[in-house]
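Hi,

Here is the structure I promised to pass on. Have a look at it first, and then read my notes below.

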Amino acid sequence: MNDAIVLQGLTKYYGSLLAVDHASLNIEEGEVFGFLGPNGAGKTTTIRMLVGLTTPSEGTASVAGYDIKKNLVEVKRRVGVVPETSNLYDELSVWDNLLFSSCLYHVPRNERADRIRGLLETFNLKERQSTKFGKLSKGLKRRVVIAAALVHRPRIVFMDEPTSGLDVVSALSLRRLVRELRREDTTVFLTTHYIEEADQLSDRVAIIVEGKIVVVDTPENIKQSFRGVPILEACLSQVPDESMMHEMEPVGIVEFKGNRVRFEAENLTEALESLIRLASQRGIQVTDVNTLQPSLEEAFVGLTGVSPESMKIEKERRR
Amino acid sequence: MLVDELRGIYYILLKDLKAYYFKPPNISWGILFPLVLALAFSLRNPTGLVELAPGLIAMAAVFGTTSMEAIVITFERRTGALERLLLAPISIKSILMSKILGGTVFGFMISGIMTMISILVFNMKIQSPLWFSLIIVLTLLTLSSLGALVAVSVKEVFEAQTLSNYFRFPMIFLCGVFIPVASMPQPLQVIAYLLPLTYSVDALRSTILGTSNTINTLTNAIALSLFFLAFSSISNLQLKRSLR
């Protein structure tokens with residue numbers, strides 16, 4: 001598998017502020033890559049360097065096999081960008097905006113109308129094709145911006161917070177679209193503050209904190225690395241008495257909630273045996289047992305010290 | 001590739017004309033402005049209108065090229081729409097050229113109307129039509145590139161308008177539109193020759209009235225070309241600098 005995007009010590013200073021600190025990454029063709037981090041961590045700056053909107057202060061990068069410093073126009077031909085802001089032309093209709101994008105990206109004349117019709121269908125915009133972009137709702141604008149980024153069928157798509165401002169149905173259809181792009185071997189570089197979204201969609205994720213990439217791995221591996229003491233949750237046929245909780249304390253931290261018992265224990269086998277024994281002594285049956293996985297969100301909080309919830313609030317406040 | 005760059009310039013120009021320039025309010029302003037200008041000066045001085053026509057055509061060119069273009073560029077910068085163009089597979093130079101051509105086309109419409117009024121109403125006759133056409137095109141390109149330079153140097157639409165006026169009004173008073181440059185005090189003459197409109201008005205006057213030789217018109221054409229190259233190159237650098 002070839003690398004679609006390669007970053008080697010990519011660095012960006014804004015005056016004395018270090019926005020991106022020697023970022024190095026390899027993203028394979030056809031991979032969906034989640035790029036996560038708190039607000040102001042350097043996610044958007046990294047994308048802006050990769051698509052030629054700002055020049056790196058140090059380091060190099062290649063996109064679709066082309067050096068971003070030497071062959072920027074070739075890079076631009078092969079990428080589609082969904083920026084954070086919906087920046088199409090208010091005075092043009094949805095159709096005209098998509099047509100303009102297809103012209104600018106050299107889509108052959110005889111294919112333009114078919115491609116636009118296909119995208120209008122995919123994004124459920126057919127009814128709005130004659131509406132001026134400026135008259136659309138925030139969610140509809142977002143859909144048109146995404147459609148415009150895909151009109152030339154790019155090999156690599158950069159999506160900066162693509163579902164931000166989208167309603168639930170549109171966000172779901174966008175996630176479906178990302179999966180389809182992946183099936184077609186399109187590389188997707190995705191930044192989002194919806195950690196769950198990145199977890200569901202990404203083959204691998206990188207977490208960037210204060211300009212530095214602190215981890216690059218699959219969501220599963222990141223979650224595993226954050227697994228502390230194993231957590232086990234059991235469901236009992238009856239609500240147990242307090243004495244059972246005291247008797248279980250030596251095996252680990254125990255929490256009772258109605259007929260549910262949740263305990264963290266170094267030795268899960270010992271804990272489970274103890275639970276079954278104590279329950280059966282009281283004529284109670286264990287009806288269900290689950291081990292609880294740490295979420296990517298928990299791993300994100302552990303690595304960045306920022307809660308995703310506060311990130312969303314901050315993001316909305318800035319809009 | 002050159003063909004791709006030229007195509008890109010063409011599509012951006014078409015988009016700008018459709019989205020901004022050829023909107024009904026702008027068209028009506030574009031028609032009214034030269035009409036009102038012609039009417040005001042014909043009431044003030046009904047006998048010397050042919051003498052004034054080159055200045056009026058130049059004035060129409062100044063306002064036609066710079067007024068809308070500065071708004072278009074700063075507006076697109078503000079909304080992020082200019083960034084969309086910068087993402088496309090086209091060079092910054094070509095993006096800027098398309099913007100300059102937008103102003104040029106709109107300026108052509110307004111100065112064209114002024115020229116038609118001068119011919120049809122004031123009975124103006126153009127002695128050297130080919131030279132006149134060349135000078136008009138160079139004037140529009142130069143003034144439009146000045147408009148682009150102003151627009152890429154500021155952030156807000158109102159700043160672009162204010163800064164444009166710092167160039168527009170001195171040019172109208174110093175460049176021979178109303179008063180011949182030769183009759184102005186020496187220091188003002190020096191300033192006049194630093195401004196592109198001086199060369200436009202001189203060349204337009206000589207090509208309309210047939211009062212000058214080819215060398216003089218050619219010198220004015222070269223001066224305008226140099227101004228165009230300087231303004232567009234600085235605008236290009238300025239726009240590139242904003243990406244750092």
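Below is what I found, going from the overall picture to the details.

Keep in mind that this is a predicted model. Chain A has 319 residues, and 41% of them count as buried. Its C-alpha atoms fill a box of roughly 80 × 45 × 40 Å along the principal axes. You'll find 12 helices and 14 strands in chain A. If you take the contacts in chain A between residues at least 6 apart in sequence, 68% join residues at least 24 apart.

Four strands of chain A form an open sheet with antiparallel pairing, in the order β2-β1-β4-β5. In chain A, β2 (17-28) and β5 (66-67) are at the edges with a single partner strand each, so one side of each has no neighbour in the sheet.

What about the nonpolar residues? In soluble globular proteins, nonpolar side chains tend to be buried together. Here the largest nonpolar core has 142 residues, and Ala147(A), Phe158(A) and Phe189(A) touch the most other members. Leaving out residues up to four places away in sequence, Phe189(A) touches several residues, including Ile5(A), Ile27(A), Ile47(A) and Phe158(A). Another core, of nine residues, lies apart from the largest one, and Met248(A) and Leu275(A) are among its members.

Cheers

How values were computed. Residues are numbered from 1 along each chain as its sequence is written. Chains are lettered from A and ligands numbered from 1 in the order in which they are written. This is a predicted model: local features need pLDDT of at least 70, side-chain atom pairs count only at pLDDT 80 or more; totals for chains, interfaces and linings use all residues. Helices (H or I, at least four residues) and strands (E, at least two) are DSSP runs, numbered from the N terminus. A residue is buried if 20 or more other C-beta atoms lie within 10 Å of its own, exposed if 12 or fewer, and partly exposed in between; C-beta atoms are placed from the backbone. Two residues are in contact if their C-beta atoms, placed from the backbone, lie within 7 Å. Two strands pair if DSSP finds at least two bridges between them. A nonpolar core is a set of buried Ala, Val, Leu, Ile, Met, Phe, Trp, Tyr and Cys residues joined through C-beta atoms within 7 Å.
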